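Subject: Structure handover

Hello,

Here is the structure I promised to pass on. Please open it and keep it in view while you read.

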Amino acid sequence: QVQLVESGGGLVQPGGSLRLSCAASGSIFSIDDMGWYRQAPGKQREPVARISTGGSINYVDSVKGRFTISRDNAKNTVSLQMNSLKPEDTAVYYCNLLISSEGTNWRRYWGQGTQVTVSS
């Protein structure tokens with residue numbers, strides 16, 4: 001059994017910053033790529049940032065230069081530092097990790113979601 005617990009969401013004014021974290025625990029043998037997605041009201045869930053095991057990083061164009069994804073392999077955590085936040089960043093943010101519990105089969109796990117609201 002694997003659990004993902006997210007933290008760090010909240011209400012912030014435009015131009016402000018938030019840091020999201022996602023911690024994985026339970027039966028974990030290895031974690032491959034880690035990522036963050038978001039879903040705004042009335043919209044589909046979209047990928048925001050991804051970091052591979054080797055440290056390769058990808059961002060959606062709308063957050064480049066403002067968001068930074070990082071991972072701590074020793075702690076099985078992935079974080080998303082969000083700066084210069086805009087109202088259009090308002091969404092529920094989900095972490096997504098590719099995890100193997102036994103060294104063979106891999107499965108994607110989702111966090112429970114954390115609300116980020118950017119508003120004055």
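Below are notes on the sheet, the core and the salt bridges.

This is a predicted model, in which local features need pLDDT of at least 70, side-chain atom pairs count only at pLDDT 80 or more, and totals for chains, interfaces and linings use all residues. Residues are numbered from 1 along each chain as its sequence is written, and side-chain values use heavy atoms, with hydrogens and water left out.

**The sheet**

Start with the strands. Helices (H or I, at least four residues) and strands (E, at least two) are DSSP runs, numbered from the N terminus. Two strands pair if DSSP finds at least two bridges between them.

Which order do the strands of the open sheet follow? There are 4 strands, in the order β1-β3-β8-β7, and the pairing is antiparallel. β1 and β7 are the edge strands, each pairing on one side only. From one strand to the next, the twist averages 15°. That angle is taken between N-to-C directions and runs from 0 to 180 degrees; axes are lines fitted to C-alpha atoms, for helices over the stretch in contact.

Now go across the sheet:

- β1 and β3 are antiparallel and share 6 bridges. Gln3 has Ser25 in β3 as its bridge partner.
- β3 and β8 run antiparallel, joined by 6 bridges. Arg19 is opposite Gln81 in β8.
- β7 and β8 also pair in the antiparallel sense, over 6 bridges. Here Arg71 is opposite Val78 in β8.

**The core**

In soluble globular proteins, nonpolar side chains tend to be buried together. Two terms first. Buried means under 20% relative accessible area, exposed means over 50%, and partly exposed is in between (1.4 Å probe, protein chains only). A nonpolar core is a set of buried Ala, Val, Leu, Ile, Met, Phe, Trp, Tyr and Cys residues joined through side-chain atoms within 4.5 Å.

The largest nonpolar core has 29 residues. Leu4, Trp36, Val78, Leu80, Met82, Tyr93 and Leu97 touch the most other members. Several strands each supply at least two residues of this core, among them β1 (2-7), β3 (18-26), β7 (67-72) and β8 (77-82). β9 gives the most, with 5 residues.

Look at Met82. What is Met82 in contact with, leaving aside its neighbours within four places in sequence? The list is Gly16, Ser17, Leu18, Leu20, Arg66, Phe67, Tyr93 and Val116. Contact means heavy atoms within 4.5 Å.

**The salt bridges**

A salt bridge is a side-chain nitrogen of Lys or Arg within 4 Å of a carboxyl oxygen of Asp or Glu. By this rule there are 6 salt bridges.

Asp33 and Arg50 form one, at 3.8 Å from N to O. Asp33 lies in β4 (residues 30-39) and Arg50 in β5 (residues 46-51), so the pair ties together parts that are 17 residues apart in sequence. Asp33 is buried, at 7% relative accessibility. Arg50 is partly exposed, at 34%.

Arg38 and Glu46 form another, with the closest N and O atoms 2.7 Å apart. Arg38 is buried at 6%, whereas Glu46 is partly exposed at 29%. These two belong to a network of salt bridges that links Arg38, Glu46, Arg66 and Asp89.

Lys64 and Asp61 also form a salt bridge, with their closest N and O atoms 2.9 Å apart. Is Asp61 buried or exposed? Asp61 is exposed, at 60%. Lys64 is partly exposed, at 48%.

Best wishes
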